[in-house]
Each structure stands twice: as structure tokens, then as C-alpha cells.
Amino acid sequence: MEPALTQFGDRMNHLTGVRAIMKDIQETLRAGKGREFINLSAGNPVILPEVEQLWRECTLDLLSGPEYGEVVCRYGSAQGYGPLIEAVVEDFNRRYGLQISDRNVLITGGSQSLYFLAANAFGGYNAQGQLKRIVLPLSPDYTGYGGMCLTPEALYAYKPTLEIDTAAHRFKYRPDFEQLQIDPNTGFVLFSRPCNPTGNVLTDTEVRQLVDIAASHDVPVLIDSAYAPPYPCLNFTDMSLVFGENVLHCTSLSKSGLPGERVGIAIGHERLIQVLESFLTNLCLHSSRYGQAIAARAIRSGQLGQLSLEVIRPYYQNKLAILEATLDRAMPNDVPWFLHRGEGAIFAWLWLNELPMSDWEFYQKLKQVGVILVPGNSFFPGLRDNWQHTQQCFRISLTASDTELETAMQRLAEVVQQVYQASPVAC
Ligand SMILES: Cc1ncc(COP(=O)(O)O)c(C=O)c1O
């Protein structure tokens, strides 16, 4: 049967961004049976033994205690499981000197669903028919933002400025405040910090500037903190969390080892929380409670925060160091390659300036030497500018073993050498 779809149905029937590429990757892996690929496309966090053990212990505690029936055999409140909300409130008040209460927290089924709720509650056409834009102030950003809007024309991303260190082969994106428009037509502002895919961390000053501009128009700012402190603490550079009346701090337990349980946490002004909570109730009544119950234990005991600092962060920081050292050693010096400053998250972001082919063609070439990276093109959701740069970048996952990372970067360097030699760059 071929059901007739509505505009929304059709929109949601398409996979966007990196999900579409993942299909090609899965088919490559399936078709290449017996052939070894180093797959550096994964967004799934590594299962770290200490982290898995924490979740196992929290589960055992839940299973053996009197709370089990209440958690699993009953419906609960739309806002989330009480003990988790309490643990989050206490932890954030203590760590950051806040004065939030349970009215400032909402638990969603993963943070992706939180962005879906926000995208369609604050972005799109309002009652007067005015299009409220969802502003991504620094493109590239998380590919999942491309699939969250029922009204795709609402998504607006801005080209960054580039700070380039030619000799060191490094670069960093910065928001271009001269181009950026946050005004009464803006529904909300959204960015990930640390950023997937680039590993960029917007500075405290940049974030405050964005928050202040948005506040002057009563516009909410959603800070996607999937990689931020206090869990999973995947920032390799200092950063402060920025709170404010118009800020919704959005976090996720996925990168702290719990992606299967789908726990997203929004912290912010009561009114923002209420809007999203109501949307969530209409959608699914409430988020699943088993993951929330074990998360309450891990946060309350302080162990999640501690493991984030002592295990999760050093693990990925070490991978990044290996990747950087290998690229610095193996990449041809006369090719304009640039690695984004590795300030956080679980990815590295490589820009091959003046690449004599598209990112997709280069991705195919890399597959021939058994290496899979993600072509960068799908990480520019909402960007309308025609910008060559979008076809010159690659996301490299830091979830592989040390040896795999080294081997893959050496092979990458060889392919880079070949393709630039075949068509030398104009100096
Ligand atoms: C920046 C960012 N935001 C949000 C998500 C979605 O995470 P989840 O829905 O698992 O909380 C991801 C997942 O990779 C991400 O990288």
C-alpha cells in the first residue's frame, strides 16, 4: 500500500542530514563483507566499562528496591519522574549557585525530541501568519536540527567567520555578529556547545552576547549542552554554563553512556518549560521512567559527575591527541588542510580547502582505502548561502581504537596527497 501523505507526513517521511548518509555507510559495510573498514562515522558513544558499571549498579538498586513498581508499572507526571527532577534541581543549584525549583525542569525522551517540541512550538507560522525563524547562529551545527521542523522554511543558519592559523593547520569558527539577525521575527536561537560536528566551544562572551541580543527581543535561546558539563563534561577547554531568563539549558544523558534510555533534560524559565511540557503531553503523555529512575541515582550519588570528569572526558581527549599527532605527522604540509580547534565533543572536523572534488566524491575515494568518514555537507542545516566550504569538510568520530585512528589518518593523508597532486592548488 502507498498511503497518501500530508505535507507534514511527507516531511517526516524523509531522513535528513547524516541519517541519509548513514544508509549509504550501512550498505557499504554490508556489501563489503570480509573487507575491513575503519568506520569513523559513529555518533554512538563508546561503552566505557566504568560507565556501564555505574548504570548496571543503578539498575540493580532499582530492581531490588520498593520503588520499582512505582517506576515501571504506573503512569507518571508529564514533567518527568520526581526523584530525577529533584536530583537535577539540587545538583544544578549546588554547582552553579542557581535557585531553580522543580518548575524549571522538564524531562524529555532524549534531547532530540526536546528540539522537535521547541522547533514546532516556537518556530514556524504564528497566529498572525508571521514566520518565526529558528536561528542557528553558527553553521555548521548538529545535523539533527535539519529534521526537527514541520515548517522547514523556518530554519535559518548563519555563515561563520573563520579564524585560520595557516602554519599550524588549525582553524576555528566564530559567529559573525555583523550578519546575524536576531529580531522580532526570531522564534528562538539554537546552538550546540560543545558543537557536534566541529568540537567548537563558543566562548562565554560570545554566548552572553547572543543571549543579550535575544533577550532584548524576548527571544528564547536553547543551548544544546549534549556534550557540556556537568555530564558528560566533554569540553576540553574552559567554559562556563550560561543561564538567564531567556535561556533554556538543554542537556542529554546520551553521551554519559545512556543513549538507549532516551533521557533529555531542559532547565529554564517556568513559562518555557510549561509550553514544552504541554506539547510533550499531547505527543506521548510522558517520557519513559526506567532510565529516569536510574539517572536519579547516578546524579544524586555524584558518581555521574565524577565519572564524566575522570573517565569520559580523558578518554576522548586522548583520542583527539592521537588524531592530531597523526595528522600533523602524516598530512602533506603544502596542502591547505585545517583541523578545527578540538575544544570538545566526540568528533574532529577536518577542512580540506580547495579540495579538487566534492566531499561526497572524496568520501567515496576514502572508502576505497577502507576508511569511512562523514562528508560534511549534511552539517549545514538551514544555511542558504552558496558556500564552497560546505563541500570541503569531514567529520571524524573519536570513538575508534587508537590503532584504528592512527591507521585511518595515515590512509587519509595518502589520499589527500594523491588528489591534490592530481590537481595542484593555485598558490
Ligand atoms: C549536539 C547534539 N544534540 C542533540 C543530540 C541528540 O541526543 P539525544 O536525543 O540522544 O539526547 C545529539 C546526538 O548525537 C547531539 O550530538
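This is a predicted model: local features need pLDDT of at least 70, side-chain atom pairs count only at pLDDT 80 or more; totals for chains, interfaces and linings use all residues.

**Entry 1: helix 12.** I started with helix 12, which covers residues 402-422 and has 21 residues. From first C-alpha to last I found a reach of 31 Å, close to the 30 Å expected at 1.5 Å a residue.

Next I asked which residues of helix 12 are buried. I noted Leu-405, Ala-408, Met-409, Leu-412 and Val-416. Looking down the axis of helix 12, I saw these buried residues fall within an arc of 100°, so they line one face of the helix. Turned away from that buried side, I found the exposed residues Thr-403, Gln-418, Gln-421 and Ala-422.

What covers the buried residues of helix 12? My list includes helix 10 (303-330), helix 11 (359-368) and strand 13 (347-352).

**Entry 2: a residue in helix 10.** I then picked Ile-322, which lies in helix 10. Leu-405 was already in my notes as a buried residue of helix 12.

**Entry 3: two crossing helices.** Last, I looked at helix 6 (residues 111-122) and helix 8 (residues 270-284), whose axes come within 10 Å and cross at roughly 110°. Helix 6 and helix 8 are therefore roughly perpendicular to each other. Here Leu-114, Leu-117, Ala-118 and Ala-121 of helix 6 meet Val-275, Leu-276, Phe-279 and Leu-280 of helix 8. I sorted the residues of this contact into 8 nonpolar, no polar and no charged.

How values were computed: Residues are numbered from 1 along each chain as its sequence is written. Helices (H or I, at least four residues) and strands (E, at least two) are DSSP runs, numbered from the N terminus. The expected span of a helix is 1.5 Å times one less than its number of residues. A residue is buried if 20 or more other C-beta atoms lie within 10 Å of its own, exposed if 12 or fewer, and partly exposed in between; C-beta atoms are placed from the backbone. The arc is that of the directions from the helix axis to the C-beta atoms. Two residues are in contact if their C-beta atoms, placed from the backbone, lie within 7 Å. Axes are lines fitted to C-alpha atoms, for helices over the stretch in contact, and angles run from 0 to 180 degrees between N-to-C directions. Angles under 35 degrees count as roughly parallel, over 145 as roughly antiparallel, 65 to 115 as roughly perpendicular and the rest as oblique. Ala, Val, Leu, Ile, Met, Phe, Trp, Tyr, Cys and Pro count as nonpolar, Asp, Glu, Lys and Arg as charged, and the others, Gly among them, as polar.
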